[in-house]
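These are my notebook entries on one protein structure. I looked up a few features in turn and recorded what I found.

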Amino acid sequence: MCTAFIHKGKHLICGFNLDINEGAMDYQVYTEPERFYVGVAISQALRDAMMADWRYHPDDRVRRIMGVNREGLFAVCLNNMNCEKAPFRIGTDAFPIDQLMDDCISGRITVEDAQRIAHDKELVNLPAGPVDIPSLAFHGLIASPDSPILLVEPGNGYAVLKDHYAAMTNYALLDPPADLTPETWGYYGKDRMDLALRILRGREKDFSLADGLEILRKTRQTGPWATRVSFVYHSGENAVYYCLQGDFDHVQRHTFA
């Protein structure tokens with residue numbers, strides 16, 4: 001059900017595990033000269049229905065919803081379990097979270113722009129269609145080497161984090177669910193977030209690429225909602241290290257042009 005982390009020290013080091021049920025979405029990993037991302041296919045029916053809205057261009061074929069660009073702008077969104085707030089809607093005062101991620105990864109906006117959008121508009125969740133999962137509520141983390149960490153949660157707003165590290169799994173951080181108890185920690189991924197935070201705090205001053213990969217390896221999932229894509233970005237190298245299907249014995253490297 002996904003795990004994300006960010007650490008801002010000498011370098012920006014951030015990473016993400018995509019945990020998804022097989023067949024729940026039509027996705028692909030894209031390694032481009034200026035971007036690395038997971039792209040989710042936009043169906044023809046959804047594109048036709050949304051064409052009147054400026055957020056969909058006739059040439060759009062995928063949504064860039066999790067990734068990083070050559071400027072080091074990292075943006076990912078994760079399922080926010082059992083959140084019934086801010087369902088998708090079209091309006092000049094609404095802004096879908098998948099569009100926010102796409103704009104960041106595509107380089108159309110900065111972290112500061114994303115914060116202004118979150119302040120001026122209501123962030124809303126995904127439309128039905130691209131992802132076939134029980135809850136279409138999402139939240140996300142956004143950061144770059146020269147910006148603070150931005151947390152965005154449709155229905156709860158946003159926060160500019162003061163800490164130089166952060167982790168996120170599958171429950172609202174700005175308004176935690178009432179049933180978040182030790183009995184439900186596995187469902188919400190609190191165990192994974194606590195593990196990530198322990199590593200981030202334990203390596204606070206000398207957090208490394210290896211530490212980032214360790215977080216993702218230790219929080220990877222198996223079974224129906226297995227880890228499909230894992231990646232860590234290191235701003236000092238301006239490169240992404242990634243693997244598929246939780247196979248950390250075969251990590252590949254993508255360097256931006």
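**Entry 1: disulfides.** I began with the rule that a disulfide is a pair of cysteine sulfur atoms within 2.5 Å. I kept in mind that this is a predicted model. By that rule I counted 0 disulfides. I then looked up two of the cysteines. For cysteine 77, the closest cysteine sulfur belongs to cysteine 2 and is 8.4 Å away, so the two are too far apart for a bond. For cysteine 104, the closest cysteine sulfur is that of cysteine 77, at 11 Å, which is again too far for a bond. Cysteine 77 is buried, with a relative accessible area of 1%. Cysteine 104 is buried as well, at 0% relative accessibility.

**Entry 2: strand E6 and its partners.** I next asked how many residues of strand E6 are buried. I found that 6 of the 6 residues in this strand, which spans residues 74–79, are buried. Strand E5 (residues 62–69) runs antiparallel to E6, and 3 bridges join them. E5 and E6 form a hairpin with 4 residues between them, and glycine 72 in the turn has a positive phi of about 85°. E6 also pairs with strand E9 (residues 138–143), in the antiparallel sense and over 6 bridges. Here alanine 75 has isoleucine 142 of E9 as its bridge partner.

**Entry 3: the nonpolar cores.** I looked up which residues touch the most other members of the largest nonpolar core. This core has 54 residues, and the ones I was looking for are Phe16, Leu18, Leu100 and Ile142. I recorded the contacts of phenylalanine 16, leaving out residues up to four places away in sequence; among them are Cys2, Met66, Val76, Cys77, Leu216 and Phe231. Another core, of 22 residues, lies apart from the largest one and includes Met1, Ile199, Val232 and Ala239.

**Entry 4: aromatic rings.** I counted 9 aromatic pairs in the structure. Tyrosine 233 lies in strand E13 (residues 227–234) and phenylalanine 256 in the segment after strand E15 (252–255), so the pair ties together parts 23 residues apart in sequence. Both tyrosine 233 and phenylalanine 256 are buried. I also noted one aromatic cluster formed by Phe16, Phe36, Phe74, Phe231 and Tyr242. Finally, I looked at the ring of tryptophan 185, where the charged end of lysine 190 sits over the ring at 4.4 Å from its centre.

**Entry 5: helix H6 and histidine 234.** I asked which elements the buried residues of H6 pack against. They pack against strand E1 (3–8), strand E2 (12–19), helix H5 (190–202), E13 and strand E14 (239–244). The buried residues of H6 (residues 209–219) include Leu209, Asp211, Glu214 and Leu216. I then turned to histidine 234, which has its place in strand E13. Is histidine 234 buried or exposed? Its relative accessible area is 10%, so I recorded histidine 234 as buried. Leaving aside neighbours within four places in sequence, histidine 234 is in contact with His11, Leu12, Ile13, Leu209 and Ala239.

Conventions:
Residues are numbered from 1 along each chain as its sequence is written. This is a predicted model: local features need pLDDT of at least 70, side-chain atom pairs count only at pLDDT 80 or more; totals for chains, interfaces and linings use all residues. Side-chain values use heavy atoms; hydrogens and water are left out. Rings of Phe, Tyr and Trp (its six-membered ring) pair if their centres lie within 6.5 Å; planes under 30 degrees apart count as stacked, over 60 as edge-to-face and the rest as tilted. Helices (H or I, at least four residues) and strands (E, at least two) are DSSP runs, numbered from the N terminus. Buried means under 20% relative accessible area, exposed over 50%, partly exposed in between (1.4 Å probe, protein chains only). A charge sits over a ring if NZ of Lys or CZ of Arg is within 6 Å of the ring centre and within 35 degrees of the ring normal. Two strands pair if DSSP finds at least two bridges between them. A nonpolar core is a set of buried Ala, Val, Leu, Ile, Met, Phe, Trp, Tyr and Cys residues joined through side-chain atoms within 4.5 Å. Contact means heavy atoms within 4.5 Å.
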